[in-house]
Amino acid sequence: MSQHCSRVDRDGFHVPSMYHVERAYLYQTCSQPFQCGSLREISYPFWGGNRPISCGYPDFLINCQSNVPFLNISSTSYRVLDIDNPTRTLRVSREDLWETICPTLLFNTTLNFSLFDFSSAANDQNITLYYGCDTRGLFRGTPTISNQFNCSVNQSNSWGVYVAAEASGLQNSVLCSSNIYVPVNRTAARGLANATGSPDVLRDALRSGFTIQWSENNDNCNGCARSGGCGGIMREGGVCVLLH
């Protein structure tokens with residue numbers, strides 16, 4: 001096993017090795033959480049801001065842009081609305097659906113299941129967004145319906161429809177070219193199922209986000225982080241190192 005030794009200068013004083021200097025620096029750096037917007041105390045397994053990658057897991061970068069924390073999962077950008085370390089959960093919202101309910105690219109909400117999963121304890125519910133719909137069969141003389149919205153993408157106008165659950169018979173009355181599934185919390189789903197739902201209610205529901213759980217698994221690091229007894233935590237060559 002290699003030794004990391006200090007050297008002695010001409011006056012007999014011990015000069016710390018670069019190894020010890022680096023570890024001392026990482027001790028100081030990794031022991032400090034960082035803040036982005038309303039999120040405070042962002043710490044292991046996350047890194048970003050003043051915390052280098054050695055202080056967390058590579059796929060857990062919190063990218064703070066204009067005081068908004070973002071996390072990239074499977075090439076999809078999510079706004080991080082809340083972090084709960086004791087339960088290892090995050091509340092996130094899809095960035096592509098934050099400003100508009102009519103994204104240019106349509107895809108389902110997917111996760112990297114080796115690191116994240118949907119939280120069963122949260123009881124979030126998928127809603128379905130249908131795009132490119134012919135809703136004439138649904139109107140039956142009524143000019144509008146509460147769960148209808150208009151999209152203008154690439155200078156092309158089309159109708160969309162959302163449902164808070166799989167609606168039996170919807171496919172028989174509405175023809176749509178595509179659809180995507182997006183989780184929302186239960187309160188938001190109830191609001192969307194209400195007869196007074198509207199595109200504004202849909203926007204609010206999508207912004208309210210849904211809960212996911214991270215599954216980064218290192219008992220030493222996690223136990224130390226929960227206890228608050230570590231000066232810092234860093235990763236060295238893919239191995240968790242506790243800095244005391």
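Modeller: Gladly; let's start with one pair of residues. Aspartate 84 stands opposite threonine 89 in S8. Strands here are DSSP runs of E, at least two residues, and helices are runs of H or I, at least four, numbered from the N terminus. This is a predicted model, with residues numbered from 1 along each chain. Local features need pLDDT of at least 70, side-chain atom pairs count only at pLDDT 80 or more, totals for chains, interfaces and linings use all residues, and side-chain values use heavy atoms, without hydrogens and water.

Colleague: How many bridges join S7 to S8?

Modeller: In general, strands of a sheet pair through backbone hydrogen bonds, either parallel or antiparallel. Here six bridges join S7 to S8, and the two run antiparallel; pairing requires at least two DSSP bridges.

Colleague: In what order do the six strands of the open sheet lie?

Modeller: The order is S5-S6-S7-S8-S14-S9, with antiparallel pairing. At the edges, S5 (63-65) and S9 (116-118) each pair on one side only.

Colleague: Which residues have the most contacts inside the largest nonpolar core?

Modeller: Nonpolar side chains tend to be buried together in soluble globular proteins. A nonpolar core is a set of buried Ala, Val, Leu, Ile, Met, Phe, Trp, Tyr and Cys residues joined through side-chain atoms within 4.5 Å; buried means under 20% relative accessible area (1.4 Å probe, protein chains only). The largest one has 22 residues, with Ile42, Phe46, Val80, Ile83, Leu90, Phe116 and Ile212 having the most contacts inside it. Elements giving it two or more residues include S7 (76-84) and S8 (89-94).

Technical notes. Buried means under 20% relative accessible area, exposed over 50%, partly exposed in between (1.4 Å probe, protein chains only).
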